[in-house]
Amino acid sequence: MKRGSSSIISSIVTFSGSNDFTLGGVAVTLRVSPRATRLRLRVDPRTRAVLLTVPRRVSARRAMAWAVGHRDWVEAALAAIPAGTPIGPDAQVPLHGRLHRIDWAPGRPRRIEVADGRLIAGGPIEGLEGRVLRWLKALAAARLDAETRALAARAGVAIVRVGVGDPVSRWGSCSAGGGIRYSWRLIFAPEFVRRATVAHEVAHLVHLNHGAEFHALVKRLLGADPAPARAWLKREGPALHRIGRGF
Ligand SMILES: [Zn+2]
């Protein structure tokens, strides 16, 4: 970048490495993508990371100037991300849509147990958050696996594999080969939300589209209208991505 070639860039953009820069104090990772056809700014609602994707034919200098022009958008996107909920003693964590307090004492066993609105935990404070998150993920994987297999049996379809991950934009996804993956964070949501997501994915094993027959099957498998579950995820979903992230 030529010095002084653009006063607005030099005053707002600060270089911190070959591919990263800061935009008004916000760290931005610049990634050159051979597949990208246009410049794209993305804010990851899980980590608050800001990524600038740049097509090969666009210079880094032009890409950064473009990013400067979208500074307000980046700030608004970051401001819209709910505050993180770190998991520690006395933190409130939703489980099946209901807040549970982390009731921790060092003398107790490390094994986590649920009792009347509390998650009872022990062991050293170091690693408590990791232990609680691993326990929640395992619980999510077991519940989603059982519920998916039960609904698949009712729909008369074969399930190859059920897994969980931490995707940013989808609560569930299915492959043509009969595998279904969910966000483990569905364990925070009320049961009607989790079940509607399962019904949606199982119905995709029968209909790989969002047509009328697909929607009729979702409703039949769920025994209810899935619209309230969709509305719940739209409204509350962003906060679920922030649990266990103390920033
Ligand atoms: Zn779908």
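A nonpolar core, as I use the term, is a set of buried Ala, Val, Leu, Ile, Met, Phe, Trp, Tyr and Cys residues joined through side-chain atoms within 4.5 Å. Buried means under 20% relative accessible area, exposed over 50%, and partly exposed in between, with a 1.4 Å probe and protein chains only.

This is a predicted model, where local features need pLDDT of at least 70, side-chain atom pairs count only at pLDDT 80 or more, and totals for chains, interfaces and linings use all residues. Residues are numbered from 1 along each chain as its sequence is written, and side-chain values use heavy atoms, with hydrogens and water left out.

The largest nonpolar core has 42 residues. Ile102, Val132, Leu136, Ile187 and Phe188 have the most contacts inside it. At least two residues of this core come from each of β6, β9, α4, β12 (179-183), α5 (191-204), α6 (212-222) and α7 (227-240). Those names are DSSP runs numbered from the N terminus: helices are H or I with at least four residues, strands are E with at least two. The most is given by α4, with nine residues.

Take Leu136. Leaving aside residues up to four places away in sequence, Leu136 touches Val93, Leu95, Trp184, Ile187 and Phe188, where contact means heavy atoms within 4.5 Å. Apart from this core lies another, of 20 residues, among them Val28, Leu41, Val43 and Val54.

Now the sheets. Two strands pair if DSSP finds at least two bridges between them. Leu95 has Arg98 in β7 as its bridge partner.

The other open sheet has three strands, in the order β10-β12-β11, and its pairing is also mixed. Its edge strands, β10 (161-165) and β11 (172-174), each pair on one side only. β10 and β12 run parallel and are joined by five bridges. Val164 stands opposite Tyr182 in β12.
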